[in-house]
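Biologist: I am new to this one. Please put it on the screen, and then I will ask my questions.

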Amino acid sequence: METNIPNPETQLKRVEEAVGTIRKISPLNPTVGLILGTGLGRLGENIDVHHRIPYESLPHFPVSTVESHGGELLLGTLQDVPVVCMKGRMHLYEGYSAREVTFPVRVMASLGIKTLLISNACGCMNPDYRRGELMLLSDHIHLQGYNPLVGPNVDAWGPRFPDMSEPYDVDLRQTAQQIASRHGITLHEGVYVSVLGPNLETRSEYTFLRTIGADVVGMSTTPEVIVARHMDLRVMAIGVITDECFPETLQPVSLEEIIHAAGVAEPNLTIVMEEVVGRLVGS
């Protein structure tokens with residue numbers, strides 16, 4: 001449990017200071033936010049970048065410590081849509097609190113985004129899925145043990161008890177499926193379970209996670225989604241399946257193999273994400 005949680009006034013002030021620093025650098029008013037996960041930075045290369053801001057230059061902004069993650073905020077346009085993109089994210093297993101991990105989402109929402117698109121790398125327990133395929137999140141199970149909404153609620157951001165009956169926007173999911181179908185891209189739709197990490201799971205843990213209804217497992221995403229929905233953002237998330245976690249045939253897997261698998265699937269992810277953004281012109 002996080003201790004020394006700042007009061008609402010302090011939380012608001014910290015976000016406002018980060019936003020103020022960004023505003024001094026870039027006048028862009030983004031409507032869409034992007035979070036790029038493990039080995040999934042190619043979409044950032046398609047952005048017409050107006051400004052690159054290293055995380056460490058932003059007040060109160062956590063810094064990604066994972067080698068496979070970038071560490072900069074990109075502001076520019078994608079498909080003529082003004083966007084702000086996190087090239088690299090933070091995780092609880094890095095030692096950050098859930099509040100710190102989701103601080104960038106608070107900042108992006110305060111910059112004016114209305115829609116948040118998230119990518120992640122994940123392992124699959126569903127026997128119908130395979131490495132290198134994509135899964136659109138229809139729901140999630142948050143098992144990380146920490147919730148970013150714990151502590152005094154900041155009423156200016158959202159309600160004390162936000163509804164989570166439909167965390168992933170139905171219209172955005174339908175749009176993604178249409179795009180994937182047109183390009184012949186396999187896009188499963190299922191349930192993501194988030195765990196703390198950083199170790200991968202045991203055979204028995206994979207069996208348990210599958211039994212409780214999860215199709216894939218990862219170590220991110222759900223804290224950001226909880227905060228995004230708290231601030232009434234539309235959310236879509238796609239997982240790149242980087243390893244097959246079938247207990248009866250489980251094999252050791254390295255970070256290098258995970259990153260390689262993410263790279264193989266990344267072009268398809270980029271197509272779907274970029275075209276979804278293009279459909280948001282004017283939103």
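Biologist: Leaving aside its neighbours within four places in sequence, which residues is H230 in contact with?
Modeller: Contact means heavy atoms within 4.5 Å. Setting aside residues within four places in sequence, H230 is in contact with R106, L149, N153, V154, W157, G158, P159 and P162.

Biologist: What pLDDT do side-chain atom pairs need in order to count?
Modeller: Residues are numbered from 1 along each chain as its sequence is written, and side-chain values use heavy atoms, with hydrogens and water left out. This is a predicted model: totals for chains, interfaces and linings use all residues, local features need pLDDT of at least 70, and side-chain atom pairs count only at pLDDT 80 or more.

Biologist: Is H230 buried or exposed?
Modeller: H230 sits in helix α7 (residues 222-230). Helices (H or I, at least four residues) and strands (E, at least two) are DSSP runs, numbered from the N terminus. Buried means under 20% relative accessible area, exposed over 50%, partly exposed in between (1.4 Å probe, protein chains only). H230 has a relative accessible area of 3%, so H230 is buried.

Biologist: Where does I22 lie, and how far is I22 from P59 in space, C-alpha to C-alpha?
Modeller: I22 lies in helix α1 (residues 8-25). I22 is buried, because its relative accessible area is 0%. In sequence I22 and P59 are 37 residues apart; in space, C-alpha to C-alpha, they are 9.8 Å apart.

Biologist: Which residues have the most contacts inside the largest nonpolar core?
Modeller: A nonpolar core is a set of buried Ala, Val, Leu, Ile, Met, Phe, Trp, Tyr and Cys residues joined through side-chain atoms within 4.5 Å. The largest one has 48 residues, and those with the most contacts inside it are L73, V107 and L116.

Biologist: Which element gives this core its largest share?
Modeller: The core in question is the largest, with 48 residues. Six residues make up its largest share, and they come from α4.

Biologist: What angle separates the ring planes of F61 and F103?
Modeller: Rings of Phe, Tyr and Trp (its six-membered ring) pair if their centres lie within 6.5 Å; planes under 30 degrees apart count as stacked, over 60 as edge-to-face and the rest as tilted. The structure holds two aromatic pairs. Y55 and F61 have ring centres 5.1 Å apart and planes at 35 degrees, so that pair is tilted. F61 and F103 have centres 6.0 Å apart and form an edge-to-face pair, because their planes are at 85 degrees.

Biologist: Which residues do the ring pairs link into a cluster?
Modeller: Y55 and F61 are both buried. F103 counts as buried too, at 9% relative accessibility. The cluster linked by ring pairs is Y55, F61 and F103.

Biologist: Which residue forms a salt bridge with D169, and how many residues lie between the parts it ties together?
Modeller: A salt bridge is a side-chain nitrogen of Lys or Arg within 4 Å of a carboxyl oxygen of Asp or Glu. D169 forms one with R234, the closest N and O atoms being 3.0 Å apart. D169 is in the loop between β6 (134-142) and α5 (170-183) and R234 in strand β9 (residues 234-244), so the pair ties together parts that are 65 residues apart in sequence.

Biologist: Is D232 buried or exposed?
Modeller: D232 forms a salt bridge with R229, their closest N and O atoms being 3.9 Å apart. R229 counts as partly exposed, at 22% relative accessibility. D232 has a relative accessible area of 60%, so D232 is exposed.
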